[in-house]
Amino acid sequence: MDGLGYVENVNTFNLVIYSFCKECKLLEALSVFYRMLKRGVWPNVVSFNMMIDGACKVGDMEFALELLGKMRVMSGGFVSPNDVTYNTVVNGFCKIGRLDLAERIRGEMVKSGVECNERTYGALVDAYGRGGRSDEALRLCDEMTSKGLAANTVVCNSVVYWLFMEGDVEGAMLVLSDMISKEVEVDRFTHAIVIRGLCRNGYVEEAVKFQRGIKLEEDVVGYNTLMHHFVTERKMRCAGDQILGSMLVRGLSVDAVSFGTLIDGYLKEGKVEKAVEVYDGMIKMKKLPNLVIYNSIVNGLSKLGLSNAAEAVVKAMESKDAVTYNTVLNESLKIGNVEEAVSVLSEMQKDDGEKLASLVTYNILINHLCKFGCCEKAKEVLKVMVERGVVPDSITYGTLITWFSKNRGGDEVVEMEKTARLKAETKERTLKMFLLSQKDVVYTEPLEIQAGSPVTVLYNPSNTVLNGKPEVWFRGSFNRWTHRLGPLPPQKMEAADDGSSHLKTSAKVPLDAYMMDFVFSEKEDGGMFDNKDGLDYHLPVVGGIAKEPPLHIVHIAVEMAPIAKVGGLGDVVTSLSRAVQELSHNVDIIFPKYDCIKYNFVKDLQFNRSYHWGGTEIKVWHGKVEGVSVYFLDPQNGLFQRGCVYGCADDAGRFGFFCHAALEFLLQGGFHPDILHCHDWSSAPVSWLFKDHYTHYGLIKTRVVFTIHNLEFGAGAIGKAMTFADKATTVSRTYAKEVAGNSVISPHLYKFHGIVNGIDPDIWDPYNDNFVPVPYTSENVLEGKRAAKEELQKRLGLKSADLPLVGIITRLTHQKGIHLIKHAIWRTLERNGQVVLLGSAPDPRIQNDFVNLANQLHSTHGDRARLVLTYDEPLSHLIYAGADFILVPSIFEPCGLTQLIAMRYGSVPVVRKTGGLYDTVFDVDHDKERAKAQVLEPNGFSFDGADAPGVDYALNRAISAWYDGREWFNSLCKTVMEQDWSWNRPALEYIELYHSARK
């Protein structure tokens, strides 16, 4: 503004804020608002009212409330909310059905000395009507009258409308009579409501009589309502000749809705000439068709076989949506025009593939391609579909399998369908186990909570902080405490009927619930609470009419598999993002554009934008990696053109610049994520840079989650991130306990959680593994593992014999217990087993030590021992499949993936009890109760000490079980393979954590 010669006063800023809020550009308005504060210009009540109105318009009520609460502070103590402020917030909550909060704001309004007016009551009356509570709406009308306020037209219209919707025709007409007697203006919307209500309830003749008696000159709405009714009833003569004729005779300005309704009706009856006649009349009267009307025309012409005419209309349309494209696609395919259909799909993807090309689109295309014998083309479409993150359903696979079964070459599709089905079954089973795993504390009857039905909550206080309390009170709500009806009244719990230590209470689940929320307290008015360490208890509700709004999570990271992976951090960033995205949330990753990225794994890479920050231009590219959206930042100062991820002397400076540039990209790009997730020391600066520079300047809703993958590096940065993050995690529950005493962790235990990592079931999948000779699942695990063992023995020159085989896949470092590995090798050979080790040591001395051991073993036990001291990805897959046991004797292990991959391939883990190994492996002899608490079966052998006797204790039991109880051992292989160690459960836990960060 300075450059244009404007004086920056509050009115100048307000004009700009108004223009942005009017266009629902809240983020742009917010940046101007904060610029005003930075320039020392105090906002006035108009500034706040416009910002609050903008927030309410886009449904961001959390921000609206925050502004309402900070008006006095942010204005230097000069501004207080007025009736406009309060009414805006009341109306905003009414629109989203949160009547409890709307009433609370009305209460605050009265307490502050601001009188409620017609606008306050109007919003509440309408909201109560929408909620099916007309009695409350009428009560408010009476309250208005008692306060000397006249119920205006808007208020009365709401009451009339909702009475009609409830079928109370008599009540609606009585309110209408009351309006007339009290000389409340009866406008065209009143007439439309009455006409629609009468038609809806079967009083069509009365509706027509009512319309004829209207004296308003411009009552187009009433006529359109009647016209819509007659078109729906297929009475086109009444709709066209009588209603449209009456409108023209009376000189009414017939609008686009009138024409669109008639055109749609005529096309449905096949009367194209009539439809064209109406369309021509519409153009002559200079009434431009909207998107809905165009789609109706395209659909009608297409169904009548007039594809050329439909195509001409599509070309004339300035904008198109999924309905437009799907109509053209379907009709093109019906007449066998495959090439046209494929070009339509390409155009959809070019315009906006993620929004326009839906599951319906792909199913239409695949179905018709198969019908026309283009089965290979259909398979290509299936692959594109999966790459773009559209999940095929039973219709997709069923169509392909049916058509391929009639020909040859359908094995690939059958395998894809089986893989998808197994994944879906596993996910469903994991969700059920996730619910049951809390049973020692809380569960419900029925276990699956149904919307619209009663539910009983059972709670065991003996396993919580409320143990021994004389009373326990249930406090609950729905939809993550945001349900329109507000929280349930506190309920005192009573003893369960089964004689257990559980207490019980019941609640009715609303139809629009998608989540049930609760905590427990020792008293009705509070006292000590059990709120699950700040996370609260949340259980999903099924069968409801509402869906949970998706979160928007942005990861800021410097590693990502498979494009730039150095360690496990890269796997987590990619796999966690995919898993959370598959649960219908929105995920983006911001990543440095290294010159060493493996670009063959990046799909649809294209230039996005550029911006300036930190004295340089930063170019932004966008692409998809493993189906996840990634923004690549390419600063033109060369910081990421070093040929490596780590290893530069200025790594701390490089990544600090990247973190700040990523936040600036979000701000300048108008992003407003719910969660920023940063990882390890390398993106730790995000947490404090965000709080210092961005939380007050445009990213006010966002919360920061920080994950520690490796505490060995960057303790200073990690400690600072722990201070500023809203929530922090590490990669297993036991490791979180093990590091709790660390000085950078201990002050922040209240927000520190352990969540076990998962593995990617698409990468580690014995049914679709090219490195395994026979694809297998738990159904044919013995056959698959037998073939893999034979292939492994053959490839490594081992004796082809039925012997217990122990696999070791590891980096050879002291952390991994190399002295225990050596002992285990000799112990296995003593028990007449075979042993295969794959791994290398970064320390040349350790590597040389194992080279010598390999030479010794290969000469003395060459038919039963093989040490491969290098990295070999294909061989690792074969070892996981061919081994009977996988040994992981780590001294410490934050999470560990080796034992999880082993179980995925049906190999039994033998591990030391530490970190994530303890959290995922349950000893068959000693951990039955611990496994049961997690709704799991015991799945391996474990030991405590870090010495030879400890290894012997676990390894001897494992090998003895193989020799002495083969049938039992085989069933154990099947059991471990059926357990889900993917990201399904960790993703659910992370989503709970994200929500708790936003509380």
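How many disulfides does a search of the whole structure find? The search finds 0, a disulfide being a pair of cysteine sulfur atoms within 2.5 Å.

This is a predicted model, in which local features need pLDDT of at least 70, side-chain atom pairs count only at pLDDT 80 or more, and totals for chains, interfaces and linings use all residues. Residues are numbered from 1 along each chain as its sequence is written, and side-chain values use heavy atoms, with hydrogens and water left out.

**Cysteines.** Cys596 is partly exposed at 30% relative accessibility; buried means under 20% relative accessible area, exposed over 50%, and partly exposed in between, with a 1.4 Å probe and protein chains only. Now select Cys56, which is buried at 10%.

**Helices α3 and α5.** Cys56 is one of the α3 residues that touch α5, together with Val45, Asn49, Ile52 and Asp53; contact means heavy atoms within 4.5 Å. On the α5 side, select Val84, Thr85, Thr88, Val89 and Gly92. Helices here are DSSP runs (H or I, at least four residues), numbered from the N terminus. The axes of α3 (residues 45-57) and α5 (residues 83-95) come within 9 Å and cross at roughly 5°. Axes are lines fitted to C-alpha atoms, for helices over the stretch in contact, and angles run from 0 to 180 degrees between N-to-C directions. The two helices are therefore roughly parallel, a label for angles under 35 degrees.

Select residues 9-43: the span is 74% helix and 0% strand (E, at least two residues), and its end C-alpha atoms lie 9 Å apart. For residues 82-116, the end C-alpha atoms are 10 Å apart.

**Leu359.** Go to helix α21 (residues 359-371), where Leu359 lies. Leu359 is partly exposed, at 27%. Its C-alpha atom is 8.7 Å from that of Thr396, 37 residues away along the chain.

**Cores.** Finish with the largest nonpolar core, which has 79 residues; Phe591 and Leu633 have the most contacts inside it. A nonpolar core is a set of buried Ala, Val, Leu, Ile, Met, Phe, Trp, Tyr and Cys residues joined through side-chain atoms within 4.5 Å. Helix α26 (residues 651-668) gives the largest share of this core, 9 residues. A second, separate core of 74 residues includes Ile821, Leu917, Phe922 and Val951.

Notes: Angles under 35 degrees count as roughly parallel, over 145 as roughly antiparallel, 65 to 115 as roughly perpendicular and the rest as oblique.
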